[in-house]
Amino acid sequence: MSLSGRVFKFVHYEVDAEKEILDYSKIAAMAWEEKPKILLSGFTAYPRKIDFQKMHDIAKEVGAVSMVDMSHISGLIIGGVHPSPFPFTDVVTTTTHKTLRGPRAAMIFCKEEYKEKIDKAVFPGMQGGPHEHTIAAVAVALAEAQKPEFKKYAEQIVKNAQALAETLVGEGLRLISGGTDNHLMLLDLRPFGPGRGIFLEKALEAAHITVNKNPIPNDPSPPYYPSGVRLGTPALTSRGMKEDEMKLIGKWIAVLTKEFAKTEMPEEKEKRAAAVKDFAQSLSRHPLVKEIGAEVKKFASKFPVPGIDQ
Ligand SMILES: Cc1ncc(COP(=O)(O)O)c(C=O)c1O
């Protein structure tokens, strides 16, 4: 369990079971019941826009501090393609290494009244000397984010995610909430059976496509063997790929999904790790992995990695 999980008592709200999006009236009802000290929004695998104003209003109604962790979407917010939690939210946090495209670090913004407590909690509460080199790199990332090219980057991330989502849906695959408004999407593999995310993660990795297994709403399987896969477009966008490339990548992902998400996860817990290991070892010999993997390698080499190839 993470430190925040030990320090705070978390009570989770869920997305609507059918629409798979946030239901603000249910969140409000739960907030009235629980009377939380903090009402937190900002997620790791939510493909839709978040109404931060509504979350703030609910927090104020029940006497809670409103807090947004905008780590995933801070680049999209700066680029103007996702609504901002400023200036109304009480406390906003962000890492700087996701869509903001900076070094691994984080920032905390807050209203004046919380400043002293938060400053003290960071130093001497949790941290010692500052990492000046990282702070300099954050400054560079923020300067980059002010440029018109960054806005174009943010816009293209969303266009690319939507093109990828449409391709996957067009290929007959199911996405949580049917698509995306932001940089990511969640592939629902339940139609193939429970717990298939890890097999698809490994198969795509063997073909040089990086995704991660991810729990989905109402997942019938445990978090370590979840029934979904999370895909995102920021890295591909940074390499200069656009909608046409997303269609091609989406087709490769669909072919590999249909082949490998069929793989059954043993019901007996103790047999699962061995099943995954055997599966992963068999991949390099699989003709489809060899064929698509070679195509992916050739294709990717046409798109330089900024800072490495350029
Ligand atoms: C919403 C959100 N906030 C914060 C983090 C923390 O990021 P890291 O562990 O890279 O510092 C993550 C990580 O995925 C995240 O998804």
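Author: Helices here are DSSP runs of H or I with at least four residues, and strands are runs of E with at least two, numbered from the N terminus. By that numbering, proline 124 sits in the loop between α5 (112-122) and α6 (132-145). The model is a predicted one.

Reader: Which residue does a cis peptide bond join to proline 124, and what is omega?

Author: Proline 124 is in the loop between α5 and α6. The cis bond joins proline 124 to phenylalanine 123, with omega at about 10°.

Reader: Where is proline 87, and what is omega of the cis bond that joins phenylalanine 86 to it?

Author: Proline 87 belongs to the loop between α4 (74-78) and β3 (91-95). The cis peptide bond between phenylalanine 86 and proline 87 has an omega of about 5°.

Reader: Is serine 177 buried or exposed?

Author: Serine 177 lies in the loop between β5 (174-175) and β6 (184-188), and its phi is positive, about 65°, although it is not a glycine. Beyond four places in sequence, serine 177 touches Lys19, Glu20, Ile21, Pro47 and Arg48. Buried means under 20% relative accessible area. Serine 177 has 17%, so it counts as buried.

Reader: How does lysine 35 count by relative accessibility?

Author: Lysine 35 is in the loop between α2 (24-34) and β1 (38-41). Its phi is also positive, near 45°, in a residue other than glycine. The partly exposed class runs between the buried limit of 20% and the exposed limit of 50%. Lysine 35 has 48%, so it is partly exposed.

Reader: What relative accessible area does threonine 257 have?

Author: Threonine 257 is part of helix α10 (residues 243-260). Leaving aside neighbours within four places, threonine 257 contacts Leu173, Leu187, Leu189, Phe192, Leu200 and Lys262. Its C-alpha is 8.7 Å from that of leucine 189, 68 residues away along the chain. Threonine 257 is buried, with a relative accessible area of 0%.

Reader: How much of the ligand does the protein bury?

Author: The shell around the ligand divides into 1 nonpolar, 5 polar and 3 charged residues. A side-chain N or O atom of threonine 44 is 2.6 Å from a ligand oxygen, and a polar side-chain atom of lysine 98 is 3.1 Å from a ligand oxygen atom. Serine 71 places a polar side-chain atom 3.3 Å from a ligand nitrogen. Taken alone the ligand exposes 390 Å², and the share of this that the protein buries is 65%.

Definitions and conventions: Residues are numbered from 1 along each chain as its sequence is written. This is a predicted model: local features need pLDDT of at least 70, side-chain atom pairs count only at pLDDT 80 or more; totals for chains, interfaces and linings use all residues. Side-chain values use heavy atoms; hydrogens and water are left out. Buried means under 20% relative accessible area, exposed over 50%, partly exposed in between (1.4 Å probe, protein chains only). Contact means heavy atoms within 4.5 Å. A polar contact is a pair of N or O atoms within 3.5 Å; within protein, one must be able to donate a hydrogen and the other to accept it, and residues adjacent in sequence count only if both atoms are side-chain atoms. Accessible areas come from the Shrake-Rupley method with a 1.4 Å probe; for residues, only the protein chains shown count as cover. Ala, Val, Leu, Ile, Met, Phe, Trp, Tyr, Cys and Pro count as nonpolar, Asp, Glu, Lys and Arg as charged, and the others, Gly among them, as polar.
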